There are 4 protein chains.
Amino acid sequence: MIELGENSYGKRAIRLVKVVREPGGHRVRDLTVDVALEGDFEAAHTTGDNALVVATDTMKNTVYALASEHLTGAIEAFGTILATHFLAFPQVRRATVALREHRWMPIGLAGGPAPDAFQRAGDATRTASVGATREATVVESGLADLVVMKTAKSAFAGFPRDRLTTLREAHDRIMATKVTATWRHAAPAADWDASHAALVATLLEVFAEHRSESVQHSIWAMGTAMLERHAEIDEVRMTLPNLHHWPVDLGPLGGENRDEIFVATLEPHGLIEATIRRATP
Amino acid sequence: MIELGENSYGKRAIRLVKVVREPGGHRVRDLTVDVALEGDFEAAHTTGDNALVVATDTMKNTVYALASEHLTGAIEAFGTILATHFLAFPQVRRATVALREHRWMPIGLAGGPAPDAFQRAGDATRTASVGATREATVVESGLADLVVMKTAKSAFAGFPRDRLTTLREAHDRIMATKVTATWRHAAPAADWDASHAALVATLLEVFAEHRSESVQHSIWAMGTAMLERHAEIDEVRMTLPNLHHWPVDLGPLGGENRDEIFVATLEPHGLIEATIRRATP
Amino acid sequence: MIELGENSYGKRAIRLVKVVREPGGHRVRDLTVDVALEGDFEAAHTTGDNALVVATDTMKNTVYALASEHLTGAIEAFGTILATHFLAFPQVRRATVALREHRWMPIGLAGGPAPDAFQRAGDATRTASVGATREATVVESGLADLVVMKTAKSAFAGFPRDRLTTLREAHDRIMATKVTATWRHAAPAADWDASHAALVATLLEVFAEHRSESVQHSIWAMGTAMLERHAEIDEVRMTLPNLHHWPVDLGPLGGENRDEIFVATLEPHGLIEATIRRATP
Amino acid sequence: MIELGENSYGKRAIRLVKVVREPGGHRVRDLTVDVALEGDFEAAHTTGDNALVVATDTMKNTVYALASEHLTGAIEAFGTILATHFLAFPQVRRATVALREHRWMPIGLAGGPAPDAFQRAGDATRTASVGATREATVVESGLADLVVMKTAKSAFAGFPRDRLTTLREAHDRIMATKVTATWRHAAPAADWDASHAALVATLLEVFAEHRSESVQHSIWAMGTAMLERHAEIDEVRMTLPNLHHWPVDLGPLGGENRDEIFVATLEPHGLIEATIRRATP
């Protein structure tokens with residue numbers, strides 16, 4: 001006997017730009033939206049019956065159609081409206097909407113910010129994910145592709161050595177990473193934007209000030225601070241690559257490297273993942 | 001109270017090329033290896049104590065050091081040796097080794113295949129993942145980035161229509177996808193290479209011959225055939241993007257599109273995921 | 001005084017798939033086309049007058065519209081028809097059409113090749129570029145992204161050493177590269193496909209068999225053979241990255257590397273470019 | 001007779017990070033450097049004689065070795081030192097050094113900028129290229145990957161219409177592009193950093209304020225302003241993709257698009273290139 005296990009389907013990479021034209025100037029919302037549905041889709045697989053299969057093209061249309069009226073606030077709110085919309089189909093048990101917002105900032109001119117001209121504000125993107133069933137809606141906020149570096153207060157030493165270990169202990173190394181972090185809300189935030197800004201500020205502050213013994217140590221420090229200072233969330237997940245910066249040996253070149261010259265590499269790289277959460281009593 | 005939840009760490013994108021120099025000619029093994037460990041790493045997070053933290057640099061060294069003696073057969077076997085090696089550290093509870101093999105084939109010359117010159121054989125890569133604990137070792141085989149297309153026997157019709165549905169029913173559409181598939185072995189294969197070749201042949205044959213009502217329908221057809229014909233596996237997972245090919249409307253250009261001219265697009269795209277498995281009685 | 005210098009404009013990345021449905025089976029043509037025009041476009045720049053500016057959207061439409069009737073043979077021929085079409089605009093002095101063809105091959109089944117199911121045949125793409133003015137049309141053919149490797153008959157030694165030179169002489173190294181090559185036709189080929197196949201065969205044969213002292217040496221060997229054996233071309237250009245494969249030092253790991261274990265790297269990489277041509281007497 | 005035409009070789013993607021540790025805080029210099037040499041390298045091609053071939057590995061070493069002492073100011077200055085260094089080899093006729101600087105900014109903390117923690121400041125990179133022969137050194141400055149958008153004052157109308165033209169005239173469209181611009185210095189700048197900042201400010205200001213009839217029109221406006229306001233340069237080159245934002249037709253979805261909802265696309269895209277320069281009298 002063969003059976004269908006976990007399955008989902010949807011539309012990815014729906015690119016949506018909304019221009020909000022206000023008297024004081026324009027604002028640009030630039031989103032990439034993914035929609036995924038789970039539910040009563042067994043017949044589509046086993047017999048090719050599409051009677052219950054909401055077309056992924058319809059998901060795309062829905063994102064554009066609802067943006068006009070409903071993309072007025074944070075992506076967490078828009079995602080909740082989208083997920084709720086898809087739950088109106090009785091065959092849908094769970095709708096998951098993942099959103100990334102690419103930030104644009106007004107071009108700075110001599111007389112102030114331009115009202116209708118913008119530049120992309122870096123690679124770091126704000127993210128949200130809304131997973132909704134008829135029983136519960138879980139909202140996660142986060143960020144992706146935030147590239148950060150510490151040039152002090154970062155060590156990696158005291159690790160075990162076997163015959164295959166050649167890495168030197170480092171008491172003052174560069175630590176660089178591209179942060180992907182998500183945090184789960186215990187309840188909808190009163191102000192998604194303010195909540196997001198405050199969480200990111202905590203994350204960055206601890207990253208900068210923490211005396212790090214390893215990437216793991218930094219994740220714990222950032223995650224616990226985020227939970228301690230922000231009662232609205234109950235779990236933090238982080239995925240941090242270790243983007244190695246190796247000191248260049250200038251000795252053979254007749255020089256000396258006073259902790260100054262590094263080669264940045266991408267392959268291979270460390271990858272550290274952890275979840276930090278409030279313990280259930 | 002704040003606690004550490006799930007966590008793992010390791011080294012990604014370890015690039016390893018092994019040249020096997022045999023009398024009849026050379027062979028090239030070209031692998032990308034990822035290693036991840038789970039276990040007793042709480043102190044590293046909470047107190048910055050690295051006494052149990054096997055350095056990811058050591059993981060990289062280990063892959064190179066063991067390749068010399070142990071990369072003699074399939075990546076499933078090499079992965080098993082690597083995972084077992086890392087389990088020798090008592091603090092490691094689970095070691096996961098994921099491997100991708102990039103294929104090279106001898107350059108064809110007038111007199112036969114070149115003995116020592118090669119060309120990359122496409123983007124499709126063979127994959128394996130070995131997850132080992134002291135209780136069990138699970139080996140999955142698979143493939144990634146196999147791009148395939150059907151120009152007949154593919155439909156998508158009979159789906160529900162609401163006011164946001166504009167997609168036309170298609171009784172003869174192009175279906176194109178980039179296959180990522182993995183299958184779990186019930187027990188180690190007698191011959192990993194032969195098993196892999198046979199599974200891929202089944203997958204391709206069903207993809208080509210199946211009369212598809214949707215991507216979901218094709219996944220089910222491929223997965224059930226793989227399970228029915230290959231007793232050594234007990235589960236198949238597939239992730240198939242729908243790489244849309246839209247007919248170009250040539251009417252406004254004074255022409256007629258007789259199901260012949262298409263625009264290939266990447267954004268947005270459908271994404272269909274499912275697991276097919278033997279039911280436990 | 002400020003003036004407009006060299007300028008061109010056009011449409012890039014026009015993605016075109018044509019399915020040719022013949023009794024014995026289908027064929028897939030999968031092209032990416034770039035169009036660029038030069039000519040009397042000064043007013044568009046200096047005064048914003050678009051009266052002579054053929055819209056890039058029209059270029060895209062043209063590619064699709066002409067594909068129906070005219071994409072029946074080689075991309076060199078289709079490119080020539082497109083370039084000629086754009087020269088019909090009197091303000092166009094030069095039209096350049098660059099085409100890449102992505103190859104699909106029928107899926108192999110037990111009973112022979114599938115008539116209507118295909119898999120992508122590697123990353124290597126056939127290329128062509130047609131540059132047409134009212135005076136002359138120059139057709140170049142080529143290939144891109146052909147990844148090849150030699151595991152023997154490749155050295156790099158005898159190079160000058162200064163105080164910043166640490167590279168060891170290598171008498172038997174791996175040489176790997178991703179070939180981009182173009183060759184210019186002295187006159188239109190009688191059979192573009194046969195000509196292309198023959199040129200690629202020569203390139204691969206010399207790459208495989210040549211005793212290479214450097215990438216430069218290999219470029220010369222390949223280029224001269226292509227010119228000597230194929231009278232229809234008069235110039236070859238090649239751009240070859242040196243995709244370094246460094247031997248791993250297994251000594252500190254208690255092993256010995258018998259020219260067997262390598263790390264493949266992408267950054268940094270060498271880059272060698274040269275033109276080989278028939279001398280004008 | 002077959003001869004060697006234009007040729008060059010070098011090292012690409014040399015990744016260099018320098019940490020400058022000053023009492024008031026650290027600074028991060030993050031560069032990607034490409035080196036290319038032209039000169040007396042014919043024998044390397046034709047006979048495999050490497051006696052004059054400076055190893056590309058040595059070029060890499062040179063970049064790291066000289067960074068220690070000489071990467072103290074702008075990349076234009078460091079590039080000039082590197083190019084001059086390579087000209088010391090008598091067989092080198094021209095040395096070209098291209099540099100990209102990836103910007104990091106201190107993480108902002110409550111008490112001010114962090115002294116030793118940084119975040120990547122967007123994708124836009126400052127570029128420089130130094131081309132040196134024994135006769136002359138040409139320094140170009142520039143920027144790459146600056147993504148900008150205008151939501152007003154951008155039109156495209158009045159273009160010619162033929163039977164393959166379906167694009168509507170747009171009197172108020174979104175214009176978005178990823179700017180690659182370079183400008184050539186008539187003489188070394190007194191202050192490379194100040195010069196670069198001023199040029200970028202002019203470019204952005206004109207982009208924002210200009211009433212654009214086309215991308216060509218904007219290039220001309222930006223280029224002429226740069227030349228008119230900055231006497232130190234004598235030529236500007238720009239390459240601007242047109243990153244199309246198409247209005248979504250909400251009519252079939254029961255809505256109306258009041259110039260508000262757009263789909264951002266990457267394929268196909270326009271590409272506009274032009275050189276603006278001081279006319280030689």
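# A guided look at the predicted model

Visitor: In β8(C), which residue is the bridge partner of C:L146?

Guide: This is a predicted model. Strands β7(C) and β8(C) pair in the antiparallel sense, over nine bridges. Within that pairing, C:L146 has as its bridge partner in β8(C) the residue C:V179.

Visitor: Which residue of β9(C) is the bridge partner of C:A181?

Guide: Strand β8(C) also pairs with strand β9 (residues 233-242) of chain C, again in the antiparallel sense, and this pairing has six bridges. The bridge partner of C:A181 in β9(C) is C:M238.

Visitor: How many of the 11 residues of strand β8 of chain C are buried?

Guide: A residue counts as buried when its relative accessible area is under 20%. Strand β8 of chain C covers residues 175-185, and it is largely enclosed by the rest of the structure, because the buried residues among its 11 number eight.

Visitor: Where in chain C does C:D145 lie, given its positive phi?

Guide: Most residues other than glycine have a negative phi. C:D145 is not glycine, yet its phi is near 65 degrees. Its relative accessible area is 31%, so C:D145 is partly exposed. The element that holds C:D145 is strand β7 (residues 137-150) of chain C.

Visitor: What is the relative accessibility of D:K153?

Guide: In chain D, the residue D:K153 has a positive phi, near 60 degrees, although it is not glycine. D:K153 lies in the loop between β7 (137-150) and β8 (175-185) of that chain. D:K153 counts as partly exposed because its relative accessibility is 23%.

Visitor: What is omega for the peptide bond from C:E267 to C:P268?

Guide: Most peptide bonds are trans. C:P268 is found in the loop between β11 (261-264) and β12 (269-278) of chain C. The bond from C:E267 to C:P268 is cis, and its omega is near -15 degrees.

Visitor: Which residue is joined to D:P268 by a cis peptide bond?

Guide: D:P268 is found in the loop between β11 (261-264) and β12 (269-278) of chain D. A cis peptide bond, with omega about -15 degrees, links D:P268 to D:E267.

Visitor: How far apart in space are A:A170 and A:R12?

Guide: A:A170 is found in chain A, in the loop between β7 (137-150) and β8 (175-185). Leaving aside neighbours within four places in sequence, A:A170 is in contact with A:A155, A:F156 and A:A157. A:R12 is 158 residues from A:A170 in sequence, and the distance between them in space, C-alpha to C-alpha, is 42 Å.

Visitor: What distance does helix α3 of chain A reach from its first C-alpha to its last?

Guide: Helix α3 (residues 75-87) of chain A has 13 residues. Its buried residues include A:I75, A:F78, A:L82 and A:L87.

Terms used. Residues numbered from 1 in each chain as written. Chains lettered and ligands numbered in written order. Predicted model: local features only at pLDDT ≥ 70, side-chain atom pairs only at ≥ 80, totals over all residues. Heavy atoms only, no water. Helix = DSSP H or I, 4+ residues; strand = E, 2+ residues; numbered from the N terminus. Contact = heavy atoms within 4.5 Å. Buried < 20%, exposed > 50% of the residue type's maximum accessible area, 1.4 Å probe, protein only. Pairing = 2+ DSSP bridges. Expected span 1.5 Å × (residues − 1).
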